[in-house]
Amino acid sequence: MLSFSTFLGGSGVDSATAITVDSFDNIYVAGTTSSSNFPVSAGGFQQTLADDVTHCTTSQECTDAFVSKLSPDGTTLIYSTYLGGAGTDGIRGIGVDSSGNAYVAGFTGSLDFPGVGANSFQGSFAGGTCAPVSCLDAFFTKLNSEGSGILYSTYLGGSNIDIAHDIAVDSSGNAYLTGYTASADFPATHGAPGGGACTGGPNPSPCVDAFVGKFNPSLSGTASLVYLTYLGGDGDDVGFAIREDSGNAYVAGTTFANDTGSATFPVTTGASQNSYGGGLADGFLAVLDSDGNLPPLYATFLGGSMEDDILDLALYKASGTTFAFVTGSTLSDDFPASAGAFQRFCDLGGGQPHDCSDAFLAKFNPSAAGA
C-alpha cells in the first residue's frame, strides 16, 4: 500500500539527495535545483534562485540547494527554501534535532554562500581554481524550525576541492560531518593528508582523503569546531555516511588503491578484515571517539578482489551493544559473504565490465574483535 507519493520541483532539473524525519514524523527533504520556480514557501529563508549562470560552465551546472519540510501525510508543504549563492550549491546530507532545526551539509562554489561570516568557523570561501570553474568547498548550515532563518553556517575547506557527503546530529545538537577533501591545507585539527598521485577514485591527482568533523553550532567562530580530522591512507578515501552513538562517530565509505595497487587505510588490530581485498577499491567502516582521535577505536576493510563501495550506514543498539549495518555495491565474486547468508554468492549475470555486480548488506559489532 502506497501511503502517499508526490512530485517536488519546478521547470528545471531538481534532485533530492537526502531525507530525514523528526519526532513528529514530519519529513525533511534536501538536494539541488536549477528551477527558478521551485516551490518555496512564503516564509522561506531564501525566496529566489541565486545562481548567476555566467558563473557556471553550463546552465545544468548552475544549481542552488533546497530544503523542504512536508507534513507526515505528504499533503502540506510546511516550509521550503532555496539555499545558495551565485555559484553551484548542493546538499548531500540532512539531519534534524529535537527542536525541529534542520542541519544540512554539502558543497558550494559560491563566494556569497548565505549565513557565513564572523560567527562561522570558516567565514570565507577557500577554494582555488579547478579549471574551468572555482573549486568547491564543503559547507554546514543549521536552519531554524520554521525554515525562515539560519542559526549557523560555515564554509569548510582548503584551496582544492572539498565535499561533505553526510551529516548526523546528536542529542546535544552537535553535528558530525563526513566527505572528502583534496586540500593539503584543509583546516584539520588531527591527522595529515594522504600523499602521492592516485589513479582511481573521485579525483585522480592529487589524492583525496575522507574527513570527519564535529561542530557545536551553539558556539561561534573557531570555538564552534570540536574537531576535524583527515581519515585515510595514501590512496583516495571517501566518507559517504556518518552516524553518532554516545559521542562516537561511525563513518563508512570507500578506500581506493594507490598507484602500487595496495591500500594503507588505518585499520585496527581488531578489524574484521585486516588486509585490502584487491581491485580498485574496498569499503571501510571506522569508529572515532568523541574527540576524533587517531587511530580510530575500530576500523576495517570490507571487500573482495574487485571494486567494493560502502555507500550508507545505519546503527542499532541492543543490550548496550551498538551494531553497524552497511550497504553498497560490489563487483567481487569473492566478496566475504558469511555462512548462512540469504544470498551466499554473487549473481554472475554477465554484466559489464565485470560478471559480478551486486548490492550487499553487512552487520558489524565494532565492540568485538576479529572475524
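Two exercises with worked solutions follow.

The model is predicted, so local features need pLDDT of at least 70 and side-chain atom pairs count only at pLDDT 80 or more, whereas totals for chains, interfaces and linings use all residues. Residues are numbered from 1 along each chain as its sequence is written, and side-chain values use heavy atoms, with hydrogens and water left out.

**Exercise 1.** Determine in which sense β20 pairs with β19 and with β21.

*Solution.*
1. Strands are DSSP runs of E with at least two residues, numbered from the N terminus; two of them pair if DSSP finds at least two bridges between them.
2. Over 10 bridges, β19 (residues 308-318) and β20 (residues 321-330) are antiparallel. Thr327 in β20 is the residue opposite Asp312.
3. The hairpin of β19 and β20 has two residues between its strands, and Ser319 takes a positive phi near 50 degrees there.
4. β20 also pairs with β21 (residues 358-364), in the antiparallel sense over seven bridges. Here Ala324 stands opposite Phe364 in β21.

**Exercise 2.** Identify the disulfide and state which parts the pair ties together.

*Solution.*
1. The criterion is a pair of cysteine sulfur atoms within 2.5 Å, and the count by this rule is one.
2. The sulfur atoms of Cys346 and Cys356 are 1.9 Å apart and form the disulfide. The link is right-handed, with 105 degrees about the S-S bond.
3. Both Cys346 and Cys356 lie in the loop between β20 and β21, so the pair ties together parts that are 10 residues apart in sequence.
4. Buried means under 20% relative accessible area (1.4 Å probe, protein chains only), exposed over 50%, and partly exposed in between. Cys346, at 17%, is buried, and Cys356, at 2%, is buried.

Key
Helix = DSSP H or I, 4+ residues; strand = E, 2+ residues; numbered from the N terminus.
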